[in-house]
Structure formats: C-alpha cells, structure tokens
Amino acid sequence: MSASAEATVLITHAVGLHARPSVKFTKLAKTFAAEVEVAVAANGPWFDAKSIVKVMAAKAPKGTLLHIRAKGDGASKAVEALVGLVQRDFDEGADHARSA
Amino acid sequence: MRIDGIPASPGYAEGPLFDLDWPPAAYQDKANTTEERAALETAIGKAVSRLAALVDTADGDAAGILEFHIAMLEDDALSGPAFASIGSGQPADVAWRAALDGEIAGYDASDQDYFRARAADLRDIRDQVLRALSEDGEAAVPPGAILYGEDIAPTRFLETDWSKGGGIALKSGSTASHVAMLARSRGVPMVVGLGAAAAPLTGAALLDAEHGAIIVSPSPAEVETFRVSASSFADRQGAARTFLTEPAVTKAGTAVRVQVNIAYPSDVDGIDIATCDGVGLMRTEFLFGKTLPDEETQYQAYRKVLEWAGNKPVTIRTVDAGGDKPVPGLTVEETNPFLGLRGIRLSLARRDIFRVQIRALLRAAIHGNLKVMFPMIATPDEYSQAAALFAEEQAALAAQGVAHRLPPLGIMVEVPSVALAPEAFADVAFFSIGSNDLTQYVMAAARDNAAVAHLNSVHHPAVLRLIAAVAAFGRDTGIPVSLCGDAGGDPAAIPALLEAGLRDLSVAPAQLAMAKAAIAEAGV
C-alpha cells in the first residue's frame, strides 16, 4: 500500500523551524513509519523530516509556508500531526518564543 | 588597558582572566579504520551522555539547548560524512572536524542573525566530540574567573560554577547567542565584540558588562571607580529586581497593566518581554528622518517589534509629525505648529504618504498582536476617514493576494474635545491618553516653553478630571483605556492616575521597574 499525503502550514513561531522547535518536529516525525519530508517551496528541495540536521538546513524562518509530504503507512496521520504541531507554535508559550 | 566591546548581559565582574582558547591535547591516531570508526562512535556517545546528565540539572532554556545538541549528535546525517571520510583512510578527529566545519560554514554564511548564532552551537557540538576523542583533562576554571576567548560553548557555560562570580569576555561572539541568553537569565556579566587584542591578555581584569568593556592590569584608581560603578549597579538591580519581573499590583491588590513606550525598533533589544505587558506606544517618527520611508522599510521595522513581543500587544501610532516634530517633505511651516497641521490632520492631508504607512502596517499585522492608533484626533470624522483608508488599502492588498490583517484601530486622547465628549467615539477599538499633549492643551501651556513649565502639570484637577472621565467612559462601554504620556512612568503621578481609574500605563523602558515599585505602594 502506498498511501501519500501533503499539506502546507504557516510557521508562526518567532524563530521559525530551528533549534528547539525542530527537535520537537523531528521527534514527532520519527514516531511515524511513513517517509516524511519538508520543503520551503512547493517544488523542493525536499528534506528528510526525521533528520534534525536536514530540517535545520531547510532554514525556515517565521512566516515561511512549510510544505510537508509523507509516503507510506500512516502518511496522512503523520502530515496531520506535524501540521498541528506547527500550528500550535510547537507547544511553546510566548515567553519561550523569543529566546528559543 | 581598557578594551571596549558590546554588553551582552549587564553586570560587573572582577577576577583573573581564564584563556578559553588554550589548545586541547592532541588526538592519538588509531591502528586501523575499524578502530577509528569505533573511537568516533564512542566519543559521540560520551558527548551525548554528558549532555544528558546536564539536562537533568538544567532549567527550561538551558535544557532546550542541550536537547538540541543531543538531537544533532544523534542524527546520522551529521556524523555520516565523518564516517565516510574515516572509511577512506582519515583519522577520526580530522574526519569529524572536517564534517562539522562544513556544516558550520553553512550557518556562518547565513544572512539571518538567528542562523549565524547557531554556528556557535555547531562549534560546541564539534568540540565536545573532539574533547571526548582526545580525553584531555582540561584546565579547571578558577572560581570567579573572567572567561576570555574567541567564543564560548554553551556546555562550557553550563559546566562553569558561577556561584563565586566571574564573567565572560569574548573577542567575537553575539548578543543573540544561546550563551548570551543564558548569561542574561543567570545574571552572569558578559561582553562580546572586544576584537583581537594587540598582545595576549593575562592577569587580573575588571569586566564592565553594563557599558561593555574590559580593563586589564587596572590601576588603583580604575579599580576604585569600577567598584563604585559595580556597587551602584548592584543597588539599582536590587531595587528594580523586586518589582521588574513581577506583575504590577497595588498594595490593595489591584492589578495594573504596565507596557513600554518605544521610539526605535532597536529599543526592544534591551528589554525582556516578560517584564512588561506589551508595547503601549511605538512611535513611528523615527522612520521619517531626512527622507520619507518606503513601505518595505516600515514593514520590517514594525515586524521586528511585533515578533519580539510574541502574543503581547504592540500599539503602533501612525506618524505624529508636526508640532515639535517637523519632517522635511511632510510638515509645513506654521506660526503656531502645536495648533496646526499635525498628527492625523497632516496624514489625512498627505494621503499618498499615509497610504504607504497603512499598507506597511496591514502587512506587518500578521506577525503579531498589532493595534494601531491615530494621534491628534479631534472629531469622529477624522477617525472615520482614517479607518476608511485602512479599509481601502486592505481591499487592495486582498485583491493582490498579499498577506495582511486589519488590526484594531484606536485613537489618542490628547485633544480636549475628545476627553470632554468621548461618547462621540463609541466605535473606536481603544483609547490611549497622551497626557503630555492633553495637559498642554488643557492648560494652554506649550510643553517646549520653560517659561510656562509650572503650568504644565498633569496634577491639575482639570487634567485629572478629564482623565477620570475618559477612564469612566471606557469602563461603561467596555472600550479599553490606557495612558502613554510621561506621567505614566512618573512615580509622583502614578497614585493620582490610578485614583482617576486608570489600570493600564505605558512607560519608558528605563522607568519600568520604578513604575511597578510606585504601583506597589499605591493604596487604590
């Protein structure tokens, strides 16, 4: 079975998808069996969402429209969960937002 | 000898210099590729377990940094190139250093401060593993030492015992680094950007991280001056600390919101957002210097402050030129400028210029909790015209598909006509009392004229009565009312303002602690 899913989400976290947020992002991505990738443009380049080194290399600051796609088992669940994490500002309060 | 730098975390430290850049012991090459590979694996594992042990003792921010380092070290994408180099015959330390230096160069080349600051984290990660590879016993830092070097690793900071004082003095470094952030939260004095010294620095030194300088081999007179400054700083810190980080509450238990007034976007760099309830007044005249600012310049300036404030409100005032604030190419020569074409009157007269600011504000609004207010409003019609311009520009941006948001629109209460008849403004989103102008118009005493300065007092019953009337109107109608004039940060005026019914003051950043202290003394 080759399920696949794709979505875009706006990064509103003050420092974007870096350091602490990317730790949470990759940890969550690793909980899914599906192959998950992220990009800052619709036409790529695509980065492995389970590798913090690759996710950091995507250099996605606040205001970036993040593209997330997944392939394989639980693809749509993975995309849904990661979109949710970004939308919730990586579950960080405002006090953390500037110092992250 | 005194070397000037940039303060990254305020405070004073006196102690021996400790050289951070002392070269570590050399790595011993292994017999074959398999052993080299195993050595690197072991070193990475050792670095991870040391970090994991530190996580348990660290608080929120520090733990977050350590977890980030652990996640990087555990990622095969980071070590992959190093293991590949070992496979082609390189020793583990050379392979690891080359792989990490490649990553570091990528961060160093970034045009964003935040990314460049991450290069220091990568260096830290690199050096932790190199240290584990060579396993040298590092020279211990003497208690109270001033750590001096090119840059400092976050783990080095966390391993250091700061309970005996001490500080950090860096030749390069950044005020946006993780260490700078940790130093500020732990109260460790830190100066960055000292530059390369002509000769190696050693011996006793004085670190003045309030002004940003290090004094090496100080004279007795320099030591004496330094100690006076240090003790004065400690006194000020002590008095302020009690109130600064706490929410403002009166003796009677009444909560008061305290926001800050800022004039330049860079003003926020020195303010901890946790110590205030937002920005009650961001002036925009700074943008209107010798030339009129373009939309992008304004957008970036507004965005910076909004992002700094997170979800706390930032109230930006549309340009308040005229009066005592002439702008070439915008304001006009008048015989009586305080009663002439200034504030919103000027913006409505020069709509081409006003529209540029409106577009920048609408676009910036998506980056935070923006509120916009108009200065010098005298009639409801002026507010309606300004609000209509916002609606027009919003429609234009929507048609072009440009991201934007319409912020709540409020008015300054500084012309007596508004304070006397606030019911004419029942549809504005909020009121912000500009006590400086309100006082000068009520008392007919120009605020730039020393000869009538004695008349220019917010304590006059006429002024306080108007403030109380606006506060009461706000309470009755549910329209928020704040005050952003100088009186808001004046400990002598604060009790009267609270008596008048205000619960929301906006003050200069430097007055924040004093204002909170004065509120704590109030009986309201």
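Two strands pair if DSSP finds at least two bridges between them. Helices (H or I, at least four residues) and strands (E, at least two) are DSSP runs, numbered from the N terminus. The model shown is predicted: local features need pLDDT of at least 70, side-chain atom pairs count only at pLDDT 80 or more, and totals for chains, interfaces and linings use all residues. Residues are numbered from 1 along each chain as its sequence is written, while chains are lettered from A and ligands numbered from 1 in the order in which they are written.

**View 1. The open sheet of chain A.** Four strands of chain A form an open sheet in the order β1-β4-β2-β3, with antiparallel pairing. The edges are β1 (4-10) and β3 (47-48) of chain A, and each of these pairs on one side only. Strand β2 (residues 35-39) of chain A runs antiparallel to β3(A), and two bridges join them. Glu37(A) stands opposite Asp48(A) of β3(A).

**View 2. A helix across the sheet of chain A.** Helix α3 (residues 75-87) of chain A lies across β1, β2 and β4 (65-71) of chain A. This helix runs at about 10° to β1(A). Axes are lines fitted to C-alpha atoms, for helices over the stretch in contact, and angles run from 0 to 180 degrees between N-to-C directions.

**View 3. Chain A as a whole.** Chain A has four helices and four strands. Along the sequence they follow the pattern β-α-β-β-α-β-α-α. Of its 100 residues, 48% count as buried. A residue is buried if 20 or more other C-beta atoms lie within 10 Å of its own, exposed if 12 or fewer, and partly exposed in between, with C-beta atoms placed from the backbone. Take the contacts in chain A between residues at least 6 apart in sequence: 74% join residues at least 24 apart. Two residues are in contact if their C-beta atoms, placed from the backbone, lie within 7 Å.

**View 4. Where chain B touches chain A.** The contact involves 23 residues of chain B and 21 residues of chain A. On the chain B side, the elements giving two or more residues are α2 (60-73), α3 (76-87), α5 (113-134) and α9 (295-309) of chain B. α2(B) gives the most, with six residues. By class, the chain B side has 11 nonpolar, six polar and six charged residues. Ala, Val, Leu, Ile, Met, Phe, Trp, Tyr, Cys and Pro count as nonpolar, Asp, Glu, Lys and Arg as charged, and the others, Gly among them, as polar.

View 5. Strand β12 (residues 313-317) of chain B and β13(B) pair in the parallel sense over five bridges. Arg317(B) has Met373(B) of β13(B) as its bridge partner. Three bridges join β13(B) to strand β14 (residues 409-413) of chain B, again running parallel. Here Val372(B) stands opposite Leu409(B) of β14(B), and Met373(B) has Gly410(B) of β14(B) as its bridge partner. In β13 (residues 369-374) of chain B, five of the six residues are buried, so this strand is largely enclosed by the rest of the structure. In β14(B), five of the five residues are buried, so β14(B) is also largely enclosed by the rest of the structure.

**View 6. Helices α11 and α12 of chain B.** The axes of α11 (residues 351-364) and α12 (residues 380-400) of chain B come within 10 Å and cross at roughly 60°. That makes α11(B) oblique to α12(B). Angles under 35 degrees count as roughly parallel, over 145 as roughly antiparallel, 65 to 115 as roughly perpendicular and the rest as oblique. The crossing of α11(B) and α12(B) is right-handed. A crossing is left-handed if the near helix is turned anticlockwise from the far one by less than a right angle, and right-handed if clockwise. Residues of α11(B) in the contact include Phe354(B), Ile358(B) and Leu362(B), and those of α12(B) include Leu389(B), Phe390(B) and Leu397(B). By class, the contact of α11(B) with α12(B) has six nonpolar, one polar and four charged residues.

**View 7. Helices α14 and α15 of chain B.** Helix α14 (residues 435-443) and helix α15 (residues 461-477) of chain B pack at about 125°, with their axes 10 Å apart. That makes α14(B) oblique to α15(B). Their crossing is right-handed. Leu438(B), Thr439(B) and Val442(B) of α14(B) make the contact with Ala462(B), Val463(B) and Leu466(B) of α15(B). These residues divide into five nonpolar, one polar and no charged.
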